[in-house]
Amino acid sequence: MEAVHGHDHAHDHDHHHPTGITRWLTTTNHKDIGTMYLWFSFAMFISGGLLALGIRAELFQPGLQLWRPEFFNQLTTMHGLMMVFGAIMPAFVGFANWQIPLMIGASDMAFARMNNFSFWLLPPAALLLIASFFVPGGATGAGWTLYAPLSIQQGMGMDLAIFAVHIMGASSIMGSINIITTILNMRAPGMTLMKMPLFVWTWLITAYLLIAVMPVLAGAVTMLLTDRHFGTNFFNAAGGGDPVLYQHVFWFFGHPEVYIMILPAFGIVSQIIPAFARKPLFGYSSMVYATASIAILSFIVWAHHMFVTGMPAAGQLFFMYATMLIAVPTGVKVFNWVATMWKGSMTFETPMLFSVGFLFVFTMGGFTGLILAVTPVDIQLQDTYYVVAHFHYVLVAGSLFALFAGTYFWLPKWTGNMYSETLGKLHFWCSMIFFNITFFVMHFLGLAGMPRRIPDYSQQFADFNMIASIGAFGFGLSQLIFLVAVVKCIRGGEKAPANPWEGADTLEWTHLPSPAPYHSFETPPVVK
Amino acid sequence: MKKLSLVALASATALCSGVAVASRLGLQDPETPIARQIYSLHSLILWICVVIFVAVFGMMFYAILKHRKSVGHKAAQFHESTTVEIIWTIIPFVILMGMAYPATKTVIDMKDTSNPDLTIKATGYQWKWGYEYVKGEGSLTGVSDGIALLSSLATPMDQIYDPKVQKGENYLLEVDNEMVVPINKKIRILTTANDVIHAFWVPAFGVKQDAIPGFIRDTWFKVEKAGIYRGQCAELCGKEHGFMPIVVRAVEEDEFKAWAEKHKTAAVAEPAPAVQVAAVDTTTAAPAAAAGPVDGKKTYDGLCAACHGMGIAGAPKTGDKGAWSARIAQGPATLAKHAIEGIRAMPAKGGNPALSDAEVTAAVEHMVGLSK
């Protein structure tokens with residue numbers, strides 16, 4: 001944590017802030033807030049990961065050994081909620097806080113106090129989620145999608161989850177307003193929109209997505225709340241409502257949410273690959289347009305999550321075509337990254353390893369996504385382990401690997417120290433291998449007909465489940481390497497130069513020392 | 001060929017190959033025209049994806065090997081090419097159209113539920129299925145009209161909970177009453193649910209349809225080979241979601257007629273665990289449990305009899321004085337409490353949370369009256 005202090009820089013003269021806990025409670029500094037976001041998301045990543053290990057332990061072999069079925073459902077539900085809302089989303093906001101001001105030459109985020117508030121909303125929300133395990137009836141077991149009417153049946157753990165979602169949604173919206181305002185108003189002179197680093201572009205677009213869809217989610221869960229307690233019948237057919245309405249509203253949020261979790265990852269990878277290929281990003285403007293196209297298309301594909309609810313053929317066809325169309329801009333991105341590497345002069349430090357790993361494995365998730373877009377195939381595979389494999393390929397190998405890549409890439413700037421390349425590479429190879437052991441076999445389980453969200457399964461699925469469980473424990477343990485690597489880097493190590501990467505050329509590397517001083521760019525740099 | 005190719009894909013993860021013999025790597029063998037279309041669609045798209053994947057990542061790994069600093073490669077500085085970018089936007093688009101065309105035909109076939117020979121309504125309950133052979137159009141009208149059966153998991157509890165007990169061949173995929181259908185006939189399935197959303201799924205038929213409380217949806221299949229086909233509920237529906245399998249026995253038409261005849265007579269002789277569901281009408285919503293006067297017999301007939309009528313899943317059979325005497329000795333309050341909160345295999349309120357405590361208590365009193 002001390003790492004963010006700059007000790008030998010001219011900007012340091014007004015380096016006054018409270019010490020101890022009050023520093024963190026009252027801080028309005030984008031670097032402190034970014035750090036808190038990142039540690040918070042890591043804590044949630046570990047908590048959600050422990051729940052996942054609980055799931056995989058039960059599924060290690062057929063029969064019910066550890067948990068009762070209702071507790072198993074709580075594990076799957078809370079694993080999903082914690083990872084999506086607690087780990088992945090706040091981690092990207094942490095990156096946005098740290099990096100956006102540094103990359104556009106701004107002194108801080110636009111609304112510094114709101115920034116503090118949007119972070120400090122998160123711990124209470126996380127406590128609500130964790131506390132819900134200990135209330136009568138336990139946590140909600142309705143799945144992270146909280147489908148009505150199952151979610152109407154749940155105990156008070158469901159209400160805590162609803163409030164947690166409300167609070168985290170408010171936090172995300174405030175964070176997004178801050179990010180948009182910062183990017184649109186606080187860029188250094190000369191930095192036109194089309195000169196912004198791609199990470200900034202992807203976050204600008206993501207922030208608009210967040211503002212558009214988080215209120216929709218809040219509306220959906222509020223309707224659940226009033227159906228549960230105040231006698232409304234939004235989702236109850238006997239009262240004139242419709243259970244499927246919930247799914248439409250939820251997925252109108254849920255599909256853009258998918259891109260909220262992957263677009264900033266695209267941004268991180270688009271910074272790292274050119275840096276380590278020592279070659280400019282191929283097709284910068286087509287990258288920007290592809291990102292925007294994906295974001296726009298994400299609003300018209302939601303019902304591909306609902307092909308088996310029974311919609312008219314015309315509806316199924318529309319959502320199938322629209323979904324398949326997303327493969328075009330996504331393909332452009334993958335081609336551009338490969339073209340960036342082509343004829344470069346590459347080295348493979350940990351950030352680059354994770355980026356190449358991201359590209360390789362995320363693309364597999366993209367292809368299974370295309371397979372699932374095809375309605376008849378989706379109807380066969382919906383709610384099976386194939387879907388579980390698919391979204392872990394894009395969320396773990398996609399978002400999470402990009403987060404790891406970004407962490408190793410910017411750690412020298414954040415801490416002033418180099419991380420241990422040995423630990424980083426060990427972390428990468430363990431994660432990569434165990435990830436595939438865990439999730440690749442799930443494709444086979446889903447194709448052969450194993451439904452998701454079941455605590456026990458017939459014996460034909462036993463072999464692959466055992467492999468997946470072994471992989472999951474390996475993957476979980478591998479993340480301790482990450483913790484050790486980061487803590488070691490914060491505590492010391494080889495001093496990092498201002499720019500440790502030959503090919504990195506954004507403002508934080510070219511204009512700031514390492515570590516970045518507590519207050520940076522009080523005088524904006526001029527971008528040519 | 002297709003299986004070979006899947007095995008090849010599997011070897012991508014070295015660990016998989018060791019168990020590839022025992023476990024299935026691809027979709028189940030398709031047994032209906034729709035399932036066959038799905039199977040070949042999946043194979044087609046999978047192969048297109050594999051080819052593109054190998055091409056793109058072949059390029060990437062070539063670059064990783066040759067264009068690295070350690071072998072002295074100097075970085076080129078090109079960073080755009082409008083021609084190349086247009087080409088790799090248009091080519092994927094054309095490939096996608098090639099995939100969308102056969103998929104569209106399959107979607108339209110799957111949606112065509114017209115002119116069925118037999119119509120069966122499948123109702124999802126927490127946690128079992130109810131099947132009703134309803135009056136409909138087609139060649140089999142009248143043969144099985146009015147047959148209603150409840151289909152619950154038949155796997156004994158000790159196989160699930162006791163690791164020392166050997167699990168059966170069809171562990172978790174076996175039921176007490178199978179859905180019986182004739183082969184080579186178009187079967188239309190209407191789905192609905194009593195409580196939460198379930199999904200009717202038989203992988204070998206390529207059929208999966210949500211069962212939504214208060215609404216009726218439909219799907220269809222025409223199975224060509226006699227046999228037993230197993231599926232599961234595919235939508236999370238609460239704690240026993242993993243324990244409500246679907247088993248369909250497909251038989252020759254004559255055998256089906258014989259089964260229907262026998263089942264109808266049997267149904268008259270001893271009242272089967274009948275399900276109280278309204279007549280099928282695809283245009284209106286199925287009525288939810290209506291609040292009425294407290295009538296223990298009605299609740300019993302509609303719900304409790306499903307298990308207590310036959311003594312399913314360890315439930316004390318109504319009228320079995322031996323099974324009931326010890327329970328009656330615990331006093332009516334305890335019995336009612338157990339019925340309301342659930343005990344052992346019995347879910348709270350027999351699985352229908354819409355019931356009031358008074359209705360459950362009345363049903364218990366009714367059963368006690370019959371079992372003294």
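How are helix 13 of chain A and helix 15 of chain A oriented to each other? The legends below, which describe a predicted model, begin with this pair of helices.

**View 1. Helix 13 and helix 15 of chain A packed against each other.** Two packed helices are described by the angle between their axes and the distance between the axes. Here helix 13, which spans residues 350-373 of chain A, and helix 15, which spans residues 385-415 of chain A, pack at an angle of about 160°, and their axes are 8 Å apart. Since angles over 145 degrees count as roughly antiparallel, helix 13 of chain A and helix 15 of chain A are therefore roughly antiparallel to each other. The crossing of helix 13 of chain A and helix 15 of chain A is left-handed, and the residues of their contact comprise 18 nonpolar, nine polar and no charged ones.

**View 2. Helix 7 and helix 10 of chain B packed against each other.** In chain B, helix 7 (residues 296-308) and helix 10 (residues 357-371) pack with their axes 9 Å apart and at an angle of about 70°. Because angles of 65 to 115 degrees count as roughly perpendicular, helix 7 of chain B and helix 10 of chain B are described as roughly perpendicular to each other. Among the residues that make the contact are Gly296(B), Tyr300(B) and His308(B) of helix 7 of chain B, together with Glu359(B), Ala363(B) and Met367(B) of helix 10 of chain B. By class, this contact of helix 7 with helix 10 of chain B has five nonpolar, four polar and three charged residues.

**View 3. An open sheet of five strands in chain B.** Strands of a sheet pair through backbone hydrogen bonds, either parallel or antiparallel. In this sheet of chain B the strands follow the order 3-2-1-5-8, and the pairing is mixed. Strand 3 (148-151) and strand 8 (217-221) of chain B stand at the edges with a single partner strand each, so one side of each has no neighbour in the sheet. On average, neighbouring strands of this sheet are turned by 25° against each other, direction ignored. Strand 1 (residues 118-125) and strand 2 (residues 128-134) of chain B pair in the antiparallel sense over seven bridges, and Ile120(B) has Tyr133(B) in strand 2 of chain B as its bridge partner.

**View 4. The contact between chain A and chain B.** In this view, 81 residues of chain A are in contact with 83 residues of chain B. On the side of chain A that touches chain B, helix 12 (residues 327-341) of chain A gives the most, with eight residues. The residues of this side of chain A divide into 50 nonpolar, 23 polar and eight charged.

Note on methods. Residues are numbered from 1 along each chain as its sequence is written. Chains are lettered from A and ligands numbered from 1 in the order in which they are written. This is a predicted model: local features need pLDDT of at least 70, side-chain atom pairs count only at pLDDT 80 or more; totals for chains, interfaces and linings use all residues. Axes are lines fitted to C-alpha atoms, for helices over the stretch in contact, and angles run from 0 to 180 degrees between N-to-C directions. Helices (H or I, at least four residues) and strands (E, at least two) are DSSP runs, numbered from the N terminus. Angles under 35 degrees count as roughly parallel, over 145 as roughly antiparallel, 65 to 115 as roughly perpendicular and the rest as oblique. Two residues are in contact if their C-beta atoms, placed from the backbone, lie within 7 Å. Ala, Val, Leu, Ile, Met, Phe, Trp, Tyr, Cys and Pro count as nonpolar, Asp, Glu, Lys and Arg as charged, and the others, Gly among them, as polar. A crossing is left-handed if the near helix is turned anticlockwise from the far one by less than a right angle, and right-handed if clockwise. Two strands pair if DSSP finds at least two bridges between them.
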